[in-house]
Structures are given as structure tokens and as C-alpha cells.
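Please open the model in your viewer and keep the sequence panel beside it. The tour below goes from one selection to the next and says what is found at each stop.

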Amino acid sequence: MPRVVVVGGGWAGCAAALAARQAGAEVILLERTDMLLGTGLVGGIMRNNGRFTAAEEMITLGGGRLFALCDNVARHRNIHFAGHRHAWLYDVARIEPLVRQALQEAGIDVRPLSRVNAVQVADNSLQAVRTEEGRTYHGEAFVDATGTAGPPANCRRYGNGCAMCIYRCPTFGGRVSLAALAGLKEYAALRRGGGRGALSGSCKLHKGSLAPWLVSELEEKGVAVLPVPPGLPAKGELLQRKACQQYALPDYAANVILLDTGHAKLMAPFFPLEALRRIAGLENARFEDPYAGGTGNSVRFLAMVPRDDTLQVRGLANVFCAGEKAGPFVGHTEAIVTGTLAGHNAVRLLTGRELLVLPSTLAVGDIIAYASRQVDKGDGLYQRFTFSGSVYFERMQNLELYTTDREVIRKRVADLAGIFSVPLLGRK
């Protein structure tokens, strides 16, 4: 049976593995750490703004398994906070075991602690990958879902140093890009005013370190807004360095906004601890991720690859990309969308079928094509693309792609309904 090898076990890699398996291929998923999901271990926000539309499009297209798992462990549903409506917050402590179990039950060979550090290439195609332990994995098609953050040297060069985040590079080794190992030149996002990359957009506070009244408010409402007292450092400039520009709004500069994802998710890249503890309810606050969240956060978007709208990597005939590798996409939903298409197209390639391009009449197709055009023009290097805000959500609304009406979405998907759930190969 043809084999698809997925490198990187974040949301994008997990989605790619599921899609390739649903299409009938044998699938191996290699992840360098001891857990799947990457930033999904500390993220937790789904279905806010245009992400609702995108999730429902993917469900109708047959790629909804991961969204269903998130829905099943949602701590809060349909909450509203600054600039965002109808958000669902999944429990970050419960989601990873569920995803791992779902992948294994689907017949995917999940290999944690498998950091790829070498490849075999012939005739512009990957033949195999090798891990630090010396294991070699051959495949007919590959998906690069290795992300764009780290290793620590990049966080020192473009940020404030290693803040000991969920990527845990010092323990498991820094990110190694599959495409780069094969000799492709990657590109980085740029910052207005100079610099590269962007800071991860939020921190997590240990809920047990918060005042009891604040914990109660968080767990009851899902969100808490704490005004920043006069005299504390302004956050405006810091917010402009965030990967998540949908949260770079005045409300986030004037307030500390917390979301209940199991941890207390603080919507800022970092916040000086001494200043944070001067805010009512946070007098004993302690960071949970990153552990040095008072001084910095991880730097992302440093290793993206050229690709087309099928997510096939330019220059490698049998490699597809997903998540942040495919461009400056922000968010779990965006990772799942690109991962699903990449995994599905990997199998279409193996069967000799025409590769699928999602139509621009769907938000999930339009964002992939639009981001690529913007990057090729150069403007996209300074932008971040997400269904939930900033430039792309504005585009969604202008094109009337944003809707919460499931019947409208079903009619848009039309003949493509269930396409990701149709086997293209016989399965064992």
C-alpha cells in the first residue's frame, strides 16, 4: 500500500495524517516531542468569527473529525470577547489524548520522539527521511508540517531569548524543516519597521495562582476583562509584534483579557511579572506557558516554503506543506484546513488523480489562494492570515463568505460535499 509520511504532529500534521488515511493510504506520523498538537496544547480557541464558517465548510467537505473532538471537550461555547463573537474554548488538558487515540484508531502509525534530521532525495522527489535515532522511513509522498518556530537560536536572534514554551526545544531538539533538509530555500515573515517573524500571541497563567473570585468569573463566563491600572507599561507596541494580529486591538492594550481554556489564557505575547501582579486578582500570578512569560515568547513564521494552491511544494514533486509551513497562517482552524488538503492531495498524487484546489467560493479555498498571491507580491510577508480577524476576516466579510448559517454553507459546498471522506485507495 502506498505510504504517506507526515513530519510534524501539530494540528496541521494530525489533520494531514487523518486526511491521507481517510483517502486510503498507509500513514506514518513523526513528531519530535512526546505529545501531539504543538501550540494546540496551550491554544484552545475555535469557531470565533470566520473560523465558524471555515469549520463548518470543512465538516461538510468531510474533514470534520478534529473539529468534532474539540467540540466534545469545549469548556465554553458561544462566548464573546473584544473583537470576537461565538468563540468555543476547548480544554487544553483533555484534547491531546483524544486526538492521539483518534489517529491510532484510524490506523495511523503515530511515532513520537522521532525528530527527523536527514532526508534522501532523488530526481526532485523525497525517497525517505531519517530520525536522530537512526530509523529510516520510506514513503511515496510526504507532508511537511514542521512549523516555523524555534529553535532557541532564532528566539534569541529575533525575540527575547528562549522563554521555555510548549515547543520545548532544549529538551527535544529544535524544529528541523523537511523542505530545507531537501535543499529548498525557505522564506520568513517580516515586521513593519524591521525584523523577522512574529511572537506567539498569548501566555497562560496557572489558574490556581489567581484570586478565587477571578477563577470563579473565568469558569462561569469563559472570559474576564481586567483594566490595566495607570502607570503600568503600555502594551500597544508589543501587540504589533504578535502573530495573532486579530487581537492587536485597543481593548487588548487597555485591558488584560483572560480566557478559560483550562489554564487562564492571557491575550498578550508576554507581560512583565511585576507589572502583572499589580493588577487586581493577579497578585500571585504565575506563568504556565511559557514559563518565562514575563520576558518573552516563541518567535514564529521563520521557515515557510513556496507552494501552489494544492499545497504542493514548489521544487519537490511529492511533498506537500501544511500549517505555518504553507504561509503566514494563524490558528488551529487554519492549520487543520491546510493539513487536510495537503494530506488528501498527497494521496491524489499517488493515484494519478488531478490535485484538488478548493474553490474560492469557499473561505477555506479563498484563504489559501489569497495568502499565496499576497506573499508572491511581497505584501503578504508583512501580513498574517486568519479567519478570525485582521486583513483576511475583513476580506471574508467583503466577499460575503462569512456566515454562521449551516444551510448556506452546505449549498456552497454542493458537489464537493464529503470529498475528504471518500477513499481513493483500498485500505487495510
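Which side chains meet in a salt bridge at 2.8 Å, N to O? Select Asp-366 and Arg-395, whose side chains form that contact; a salt bridge here is a side-chain nitrogen of Lys or Arg within 4 Å of a carboxyl oxygen of Asp or Glu. Asp-366 lies in helix α13 (residues 363-377) and Arg-395 in helix α14 (residues 390-398), so the pair ties together parts that are 29 residues apart in sequence. Helices (H or I, at least four residues) and strands (E, at least two) are DSSP runs, numbered from the N terminus. With a relative accessibility of 2%, Asp-366 counts as buried, a word that stands for under 20% relative accessible area, with exposed for over 50% and partly exposed for what is in between (1.4 Å probe, protein chains only).

Before going further, please note that this is a predicted model, in which local features need pLDDT of at least 70 and side-chain atom pairs count only at pLDDT 80 or more, while totals for chains, interfaces and linings use all residues. Residues are numbered from 1 along each chain as its sequence is written, and side-chain values use heavy atoms, with hydrogens and water left out.

Next, select Arg-300 and Glu-324, which are joined by a salt bridge of 2.5 Å, N to O. Arg-300 belongs to strand β17 (residues 299-300), whereas Glu-324 sits in the loop between β18 (319-321) and α12 (332-351), so this pair ties together parts that are 24 residues apart in sequence. Both Arg-300 and Glu-324 are buried.

Move on to helix α4 (residues 95-105), where Arg-100 and Glu-96 are four residues apart and therefore separated by about one helical turn. The closest N and O atoms of their salt bridge are 3.0 Å apart, and Glu-96, at 8% relative accessibility, counts as buried.

Now zoom out to the whole protein chain, which has 15 helices and 18 strands. Its radius of gyration is 20 Å, close to the 22 Å that the globule rule gives for 428 residues, so the chain is as compact as a globular protein of that length; the radius is taken over C-alpha atoms, and the rule is 2.2 Å times the number of residues to the power 0.38. Along its principal axes the C-alpha trace spans about 65 × 50 × 40 Å. Of the 428 residues, 63% count as buried, and the structure holds 21 salt bridges.
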